[in-house]
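Q: I would like to go through this structure with you. Could we begin with the charged contacts and then move on to the surface and the overall layout?

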Amino acid sequence: MELTITELTKDFRKTRAVSQVNYTFQSGVYGLLGVNGAGKTTLMRMITTLLKPTAGTITWDGQDVVQMDKDYRRILGYLPQDFGIYPDFTVQDYLLYMAPLKGIRPVLAKARAEEMLRMTGMTQHRKLKMKALSGGMKRRAGIAQAVINDPKILILDEPTAGLDPSERIRFRNLISELATDRVVLLSTHIVSDVESMAGQIILMKNGKFVMTGSSEELIRNCPDRGWLCDVPKKQVNDCCLKYRVSSIKTMADHAKLRILSREMPMPGAVLEETTLEDVFLSCFGERSGDESDHGVV
Amino acid sequence: MSLMGFEWKKVVTKRANQILLILLAVLVAYSCSRAVRQVEWMDGSGNAVNGHAAAVKLRREKEQWTGVLDQTTLEKALAHLREIYSTTPQDLQQGENNWPLRSRLQGIQDIADLLGLAFADTYDTFEEMVEKLQPEDLSRFYEKRVEALSVQFFEEGNWGYANYTENEKQYIVEQYQSARTPFAVGYQEGWVQVTEQLPSLMKYALILLSFLLAGIFSDEFSWKTDAVYYNTYYGRTKSTIAKLWIGFLAITVIYWLCVGVFSLVVLGSLGTEGAAQTLQSDASYWSTRYNMTFLQYYLLTVGSGYCGFLFVGYLVMWISAKTRSPILAVLIPSLLLLIPMFLHEIYSLFLRKVIGLLPHWLLDIPQAMHYVYLYQVGGQVTSLISIILPLYSCLTLLLVFLCYREYRYKQIA
Ligand SMILES: Nc1ncnc2c1ncn2[C@@H]1O[C@H](COP(=O)(O)OP(=O)(O)O)[C@@H](O)[C@H]1O
Ligand SMILES: [Mg+2]
C-alpha cells in the first residue's frame with residue numbers, strides 16, 4: 001500500500017501551484033499543513049486525478065493512477081474543500097445514490113449507507129433534504145460519501161473548516177477510527193487539527209513540501225525556540241517588528257510576549273517547550289512588520 | 001433505485017423543472033385552443049362560428065365534394081360555382097361584405113381555389129374563369145397544374161434567384177408530374193390545422209425543454225458536486241451514459257406528450273377525416289414538390305420534429321457540458337430559430353443553400369415543403385427534406401458521442 005508522487009508539478013497560467021513534489025504515502029494519517037494558497041487543494045486534486053499534472057507522476061503500488069482509471073477511482077474517497085450537495089436529495093437518498101455510483105454492488109448499498117449514517121451520527125437526520133442541512137451536517141454527509149466505498153486512499157480537503165468545537169472533536173475521533181489500513185491525507189491550515197490527528201505532518205509552502213515528519217520530529221528539527229519575555233508596554237511594537245511573536249498577553253504596565261528565536265532574544269527571557277504551533281510560525285510566519293494577509297492561526 | 005433512477009430524480013425534483021412542466025402544459029393548452037379556433041364557418045349574414053361547432057358545419061358543407069377530383073367532379077364543381085355566382089346578386093359579390101357569396105362558397109372553396117390556381121394565366125378574375133371555363137378545359141386540369149407551377153417556378157422575378165440548372169428543372173417537372181392524380185379531396189381541417197400549428201408549439205416547447213436539458217450536465221457544476229461525481233467509479237462511464245439516457249427520455253417523453261396531447265385534442269375536435277387525401281388538394285400546398293397524403297404529411301412533420309428535438313436537445317446538453325453552465329446552452333434553440341430571419345439578407349445562392357440546411361427546418365416542415373432550393377448529392381438532384389433528415393440523424397449520434405467523451409475526460413480546474 002504505497003502512494004508515490006514523483007516530481008509532481010502543476011502550473012496555472014501565471015502561478016506554479018505545486019512545484020516538483022516528491023513523496024511516498026503509506027498507511028496512516030498525513031496532515032497537510034499550509035497557509036491559503038500553498039497549493040494543498042491543487043495537490044489533492046492531482047492525486048484524485050481530477051486535475052492533470054503539468055509534470056510528474058502519481059503511482060499506486062507502482063501503477064500509474066491515470067492508467068488505472070476507474071480501478072483507481074474505486075479505491076478513492078474524496079471530500080473536496082468546496083463540497084457541493086444535491087439540494088433536493090435527502091441524506092439517505094444521497095448515500096444510496098453514491099453507493100452504486102462508487103461501484104458498490106446494489107445488494108450491499110443499503111447496509112453500507114446505513115452504516116455510514118450511523119458512523120457520522122446522521123441516522124436521525126437521514127430524511128432531511130440536503131438543502132436543509134447545517135454546515136456541519138453537510139460536511140458529515142460529505143465524509144460519509146467519501147468513506148462509503150471503504151477507500152484505500154482517503155483525501156479530505158479542509159474537513160474541519162467551519163465546524164464548531166464539538167463537531168471538531170467528533171470528527172477527530174472519526175478519523176482515528178478510519179486511520180487503519182489506508183492512506184488518509186487531510187489538509188488544513190489549523191495547527192491543532194493535525195497535531196491531534198495526523199501521524200505524519202507535511203508543511204507545504206509555495207507549492208513545495210518544506211518540512212515533513214511526525215510532530216516530535218518537526219519540533220526537534222525546528223531551529224527556533226519559544227521564549228517568554230516580559231517587556232514594558234511601549235516596547236511591544238518594536239519587539240513585534242524585530243521578532244516573530246506567537247502570543248501577547250497584556251498586563252497593567254507590561255506585556256508577556258512569546259517570542260520565536262534561535263537565540264535568547266533579551267536578557268531575562270525564559271525558554272519554553274517548543275510546540276507545533278511554533279514550528280508552523282517559524283516556517284510560515286512573517287514578522288508582523290512584513291506584509292501578511294494570511295489568516296494563520 | 002438504479003443510477004438512472006437517481007439521475008431522473010435529480011431532474012424531476014428540481015423546482016425550476018417543475019415550473020417548466022407547468023409552463024409546457026399551459027403552452028399545449030393554449031396551442032390546442034388556438035388551433036381549434038382557426039376553423040371558421042360563416043352564415044349568409046356574416047356571423048362567424050369558430051372551433052368545433054364550425055368544424056361540424058364545414059364538414060357537412062364539404063361532404064358532397066368528398067372523393068376524387070376527376071373530370072366528373074370538376075364539371076359538377078364548375079356547374080355549382082356558376083350556379084352560386086349567377087344566383088348571388090352582383091352587388092353582393094363585390095366589396096368587403098360579400099358574406100352571402102363567401103358563405104355559399106365554403107363547401108367548395110378548396111376546389112375553387114385549385115381551379116383558380118390552375119387557370120390563373122388564362123383569366124383575369126375568378127368570376128371570369130367561372131363564366132368562361134369549358135368542360136374540355138377541365139380535362140386539362142392536371143396538365144395545367146404542372147404547366148402553371150413550372151412557369152411560376154422558373155420565371156424570372158418570381159423564384160428567379162434560384163437559378164435552376166437544366167437538371168434541376170427536369171427534376172422539378174418530374175416531381176410535379178409524379179403527383180398522384182386525380183387528387184383525393186374533401187374535408188381535412190383537422191390535419192390542416194394540426195400540421196399548421198405544430199411548428200410554433202414545437203419551437204416554444206423546445207425552448208422550454210432546453211432549460212431542463214441544459215441542467216442535466218451542468219447542474220453538477222453549479223451544485224459543486226462535480227468533484228465528487230467525477231471521482232466515483234462510474235462517474236465518467238456508466239453514470240454519464242445514464243445522463244445521456246435521461247436526456248433522451250426527457251426529450252422523448254416531453255415531445256410525444258406535447259405533440260400527442262395536442263394532436264389528440266385538435267384532431268378529436270376537428271375530425272380525422274381526410275387522412276388519405278392528397279396534400280396538394282389544399283391550396284396552400286399547391287406548389288409543393290412533395291407528393292403525399294395528409295396523414296403522411298402529418299407523420300413527416302411529427303417525425304422530423306422529433307429528429308429536430310433530439311438534435312437540438314443533445315446540442316444543448318453538449319454545450320452545457322462543455323461550458324459547464326446552462327446559460328449559453330439555453331440560448332441555442334432561440335438562436336437556431338432566429339436564423340431564418342437573416343436568410344432574407346443573404347444574396348449568395350451558395351450561402352443561402354448552406355444556411356438553408358440549418359436544423360430549424362426540422363421543426364417547420366410546413367415551411368420546408370415550400371423551400372425552393374435544390375441540392376445535388378452525388379449527381380442526383382434532391383430536395384431539402386430528404387437531406388436534413390439523414391443529416392441531422394447522423395449529427396445527433398455524433399453529439400451523443402461528443403457528450404460522452406466530454407464527460408469521460410473532463411478535467412476539473
Ligand atoms: N484553477 C486555477 N487557476 C489559476 N490558479 C489557480 C487555480 N487553482 C489554484 N490556483 C492558484 O494556485 C495556488 C494554490 O492554490 P490552492 O491549491 O487552492 O491552495 P490551498 O488549497 O493551499 O489554499 C494559488 O496561488 C491559487 O491562486
Ligand atoms: Mg485549498
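Q: How many salt bridges does the structure hold over all chains?
A: This is a predicted model, and it holds 34 salt bridges over all chains.

Q: Which residue of chain A meets Arg408(B) in a salt bridge?
A: That residue is Asp69(A), with an N to O distance of 2.5 Å between the side chains. The pair crosses between chains: Arg408(B) belongs to helix α19 (residues 384–408) of chain B, while Asp69(A) sits in the loop between α2 (65–68) and α3 (70–74) of chain A.

Q: Is Arg408(B) buried or exposed?
A: Arg408(B) is buried, because its relative accessible area is 15%, which is under the 20% cut-off. Asp69(A) has 23% relative accessibility and therefore counts as partly exposed.

Q: Turning to chain B, which residue forms a salt bridge with Arg59(B)?
A: Glu273(B) does, and the closest N and O atoms are 3.0 Å apart. Glu273(B) lies in the loop between α14 and α15 (294–323) of chain B and Arg59(B) in helix α3 (residues 51–62), so the bridge ties together parts that are 214 residues apart in sequence. Glu273(B) itself is partly exposed, at a relative accessible area of 33%.

Q: And what is the salt-bridge partner of Lys322(B)?
A: The side chain of Lys322(B) meets that of Glu406(B), at 3.3 Å from N to O. This pair links distant parts of the chain, 84 residues apart, with Lys322(B) in helix α15 of chain B and Glu406(B) in helix α19 of chain B. Lys322(B) is partly exposed at 46% relative accessibility, whereas Glu406(B) is buried at 15%.

Q: Which residues are linked in a network of salt bridges?
A: The network consists of Asp121(B), Arg140(B), Glu143(B), Lys144(B) and Glu147(B).

Q: Now the surface: which residues form the nonpolar patch?
A: The patch is formed by Trp8(B), Val12(B), Leu249(B), Val253(B), Leu257(B), Val261(B), Leu264(B) and Val265(B), with about 650 Å² of accessible area together.

Q: Which helix gives the largest share of it?
A: Helix α14(B) does, with six residues. Both α1 (3–12) and α14 (238–270) of chain B supply at least two residues each. Leu264(B) is found in helix α14 of chain B, and its relative accessibility of 65% means that Leu264(B) counts as exposed.

Q: Where is there a patch of negative charge?
A: Glu195(A), Glu216(A), Glu217(A) and Glu277(A) gather in such a patch on the surface. One of them, Glu217(A), is found in helix α9 (residues 215–221) of chain A and is partly exposed, with a relative accessible area of 33%.

Q: How far apart are the centres of the two domains of chain A?
A: The centres of domain 1 and domain 2 of chain A are separated by 38 Å, taken over C-alpha atoms. The assignment gives domain 1 as 3–219 and domain 2 as 223–273.

Q: Finally, how many helices and strands does chain B have?
A: Chain B comes to 19 helices and six strands. Its C-alpha atoms fill a box of roughly 85 × 50 × 35 Å along the principal axes, and buried residues make up 53% of its 413 residues.

Methods. Residues are numbered from 1 along each chain as its sequence is written. Chains are lettered from A and ligands numbered from 1 in the order in which they are written. This is a predicted model: local features need pLDDT of at least 70, side-chain atom pairs count only at pLDDT 80 or more; totals for chains, interfaces and linings use all residues. Side-chain values use heavy atoms; hydrogens and water are left out. Patches are made of residues with over 30% relative accessible area and no salt bridge: like charges are joined within 9 Å, nonpolar side chains (Val, Leu, Ile, Met, Phe, Trp, Tyr) within 5 Å. Accessible areas come from the Shrake-Rupley method with a 1.4 Å probe; for residues, only the protein chains shown count as cover. A salt bridge is a side-chain nitrogen of Lys or Arg within 4 Å of a carboxyl oxygen of Asp or Glu. Lys and Arg count as positive and Asp and Glu as negative; His and the chain ends are not counted. The place of a charge is taken as NZ of Lys, CZ of Arg, CG of Asp or CD of Glu. Helices (H or I, at least four residues) and strands (E, at least two) are DSSP runs, numbered from the N terminus. Buried means under 20% relative accessible area, exposed over 50%, partly exposed in between (1.4 Å probe, protein chains only). Domain bounds come from an automatic or database domain assignment.
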